[in-house]
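Subject: Structure for your files

Dear colleague,

Here is the structure I said I would pass on.

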Amino acid sequence: MTTARDLMTAGAECARTDETVSQAAQKMRDLGVGALPICGEDDRLAGMITDRDIVLRCVAQGHDTTQMTVADYADGKPVTIGADDDVAEALRTMLEHDVRRLPVIDGHDLVGILSQADVARALPAQQVGELVAGISSP
């Protein structure tokens, strides 16, 4: 059985809840990623912020990225996957919640990020097509 832990990118770096959106965008640029987990002072996962969130929910709304914090984009409980969950469960979770990235947790600890591309590399072509179609449809 292939698990989320087998496919994830380990060592995901968090945006802290008190960081500005500008700081998060710079961190995304420096790390070459399109999303960051949002973690509180207790290192618990508080949400996710994506490059799309920054563009559509901050910049396009006329908000000042140097004044808005990433905490403003931590919408409730984030969708996650357990580190030892099967890749098929990750696929179901991505499709059900229409997300392209899942924070991977072990207990309460963030241990990595599992992306659509990570899952696609581990699945047969037909399932990859279903994943892309399901997540990409309006």
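The notes below take the pockets and then the salt bridges.

This is a predicted model, in which local features need pLDDT of at least 70 and side-chain atom pairs count only at pLDDT 80 or more, while totals for chains, interfaces and linings use all residues. Residues are numbered from 1 along each chain as its sequence is written, and side-chain values use heavy atoms, with hydrogens and water left out.

The largest pocket holds about 590 Å³ of space. Its lining has 19 residues, and M48, T50, D53, D98 and V99 are the closest to its centre. (A pocket is an open set of points on a 1 Å grid over the protein atoms alone, where a 1.4 Å probe fits, with protein on both sides within 12 Å along at least five of seven lines; lining residues have an atom within 4 Å of a point. A volume is the space filled by probe spheres set on the points, which are joined across faces, edges and corners.)

At least two lining residues come from each of β4 (45-50), α3 (51-59) and β6 (101-106), and α3 gives the most, with 5. (Helices, H or I of at least four residues, and strands, E of at least two, are DSSP runs numbered from the N terminus.) By class, this lining has 8 nonpolar, 2 polar and 9 charged residues. (Ala, Val, Leu, Ile, Met, Phe, Trp, Tyr, Cys and Pro count as nonpolar, Asp, Glu, Lys and Arg as charged, and the others, Gly among them, as polar.)

The second largest pocket has about 250 Å³ of space. Of its 14 lining residues, T9, A12, V33, A35 and I113 lie nearest the centre. β3 (35-39) and β7 (109-115) each give two or more residues to this lining, with β3 giving the most, 3.

Salt bridges

There are 9 salt bridges (a side-chain nitrogen of Lys or Arg within 4 Å of a carboxyl oxygen of Asp or Glu) in the structure. In one of them, D84 pairs with R5 at 3.3 Å between the closest N and O atoms. D84 is in the loop between β5 (81-82) and α4 (87-97) and R5 is in helix α1 (residues 4-7), so the bridge ties together parts 79 residues apart in sequence. R5, D84 and D106 are linked in a network of salt bridges.

D43 and R16 form another, with the closest N and O atoms 2.7 Å apart. This pair links the loop between β3 and β4, where D43 sits, to strand β2 (residues 15-16), which holds R16, 27 residues apart. D43 is partly exposed at 47% relative accessible area. (Buried means under 20%, exposed over 50% and partly exposed in between, with a 1.4 Å probe and protein chains only.)

K27 and E19 also meet in a salt bridge, at 3.0 Å from N to O. K27 is buried at 16%, and E19 is buried at 13%.

Regards
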